[in-house]
Amino acid sequence: MSATDDTYPADSTPTATPDQASHHPARAAAPLAGDHAPADPWERVTERMRQDIGEAAWRNWIKPLRVSRLEDGTLTLEANSTLARERVTSQYADRLRVISAAEYGGVRKVEVRVAAQAAPRMSQQKPAAKQSGEALGAGLDPRYTFSNFVVGKPNELAFAVARRTAESATVAFNPLFLYGGVGLGKTHLMHAIAWHIREQDPSRHVVYLSAEKFMYRFVQALRFRDTMSFKEQFRSVDVLMIDDVQFISGKDSTQEEFFHTFNALVEDGRQVIISADKSPTDLEGMEERLRSRLGWGMVADIHPADYELRLGILQAKAERARLAVPDKVLEFLAHRISSNVRELEGALTRIAAHASLVGREVTIDSAAELLADLLRASSRQISIDEIQKQVAAHYDVRVAEMFSARRARNIARPRQVAMYLAKTLTSLSYPEIGRRFGGRDHTTVMHAVRSIEGLINTDNGISEDVQLLRSLLSS
Ligand code: ADP
Ligand code: MG
């Protein structure tokens, strides 16, 4: 047994830069570590679990777990109590195993035991001065690169300016201000810029920091009366990225400090890159002069992903992770899960974990069942009435034919299409759908759904009809 067996080996972390490797030992103790950039496998596992099981369950059961060791393909985790151990073992162990296998490689088994005592939290007293410039930033997620970023209409401007900023040896836009809603790729683009610059010119000192961490470091410096060295740390920075800057709104002294740091860097010709959830002018609780200053450079917004982009992202992720998820299912997800890319990823992870557990091919039905909670929360409710009206109009039949008993093909086929759309675009069950189509039996609906699924693959006409109707209904 080697000395590193008690923890997971540090060199198994897929960090690509010495910067991160040297940052690693401090990571576990920094209270705000891992807020955006899970560079070590366990953080990525827990992050995926969080997306998968939801914030509340994650906070209760997964977040408190600590990695104890990784040995002979068994990942041993420590829980704080017997209750926690039992809960994790009974409910989350399988999922943890699947995800750990993907993130660590070589993990075949996950064991949970009760920690002998609560793990001591050390080094909170570590003075800021002791933290080298290297430790200033947060780790970068190795997956967040330009090549992993799928470009579409909603994000093409942001992507283009991010690329330009990364590629130009001189300061392109200052500051570059990226904004958009949650989960639309702001952090991804910032990391991508950082990776690119580090690769092109390792001598340029790139620091990526969440606004929260910036704030934390500043408060820490104040506490240790060490604001001089706090400022000193930023002097040598060539490219400073502050993510989610909205978090410093309302925090006056941090804003003040941020403003000075920002001005000093910009005046000195260093590149500053900022992200926020709103445009500079809409940042509430932010001083006017700072707001206007932030808008001086290039401001680029990321719009919510449209259907094309959502599908593109799903296909890229599925391919990269070598997940055998049928196209039909990806299309279904792209239709049903609206704008937030993080949710799309969560859905895909959940489906993949499930598929590898039960060893069966994923179908639209199994996906719908598995993701019922997500789908309900995320999609605009499409009503069965809308579907029936839209389908009737498309095929030029009367809406009443949707409920009628007539079986003529020119009426039965549109009715089947409507049933299929009802099944894939709403969360209604087969019997419920049957009732809404003139009191038909659930087996009739099942048959309709299966027929249309088959035709979509063999009949271009039907496949186009369905696609068109879908986009009409989803928009
Ligand atoms: P934000 O910082 O805007 O909240 P993130 O950058 O954290 O969003 O993105 C959330 C997740 O979605 C990340 O895993 C990211 O890789 C992924 N993502 C977002 N947009 C894209 C895209 N265009 N292509 C590929 N992945 C994306
Ligand atoms: Mg972010």
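**Figure 1. Polar contacts of ligand 1.** A backbone N or O atom of G183 lies 2.7 Å from an oxygen atom of ligand 1. A polar backbone atom of G185 is 3.1 Å from an oxygen atom of ligand 1, and for a polar side-chain atom of H188 the distance to a ligand 1 oxygen is 2.6 Å. Polar contacts are pairs of N or O atoms within 3.5 Å; within protein, one atom must be able to donate a hydrogen and the other to accept it, and residues adjacent in sequence count only if both atoms are side-chain atoms. Ligand 1 exposes 560 Å² when taken alone, and the protein buries 96% of that area (Shrake-Rupley method, 1.4 Å probe; for residues, only the protein chains shown count as cover).

This is a predicted model, in which local features need pLDDT of at least 70 and side-chain atom pairs count only at pLDDT 80 or more, while totals for chains, interfaces and linings use all residues. Residues are numbered from 1 along each chain as its sequence is written, chains are lettered from A and ligands numbered from 1 in the order in which they are written, and side-chain values use heavy atoms, with hydrogens and water left out.

**Figure 2. The shell around ligand 1.** Ligand 1 is surrounded by 18 residues, of which V150, G183, H188, R342 and E345 are the closest (a heavy atom within 4 Å). By class, the shell holds 7 nonpolar, 7 polar and 4 charged residues (nonpolar: Ala, Val, Leu, Ile, Met, Phe, Trp, Tyr, Cys and Pro; charged: Asp, Glu, Lys and Arg; polar: the others, Gly among them). Domain 3 (129–302) and domain 4 (307–379) each supply at least three residues, with bounds from an automatic or database domain assignment.

**Figure 3. The cis peptide bond at P175.** N174 and P175 are joined by a cis peptide bond with omega of about -5°. P175 sits in the loop between α5 (156–167) and β4 (176–180); helices (H or I, at least four residues) and strands (E, at least two) are DSSP runs, numbered from the N terminus. Most peptide bonds are trans.

**Figure 4. The positive phi at D244.** D244, a residue other than glycine, has a positive phi near 60°. Its place is in the loop between β6 (239–243) and α9 (252–267).
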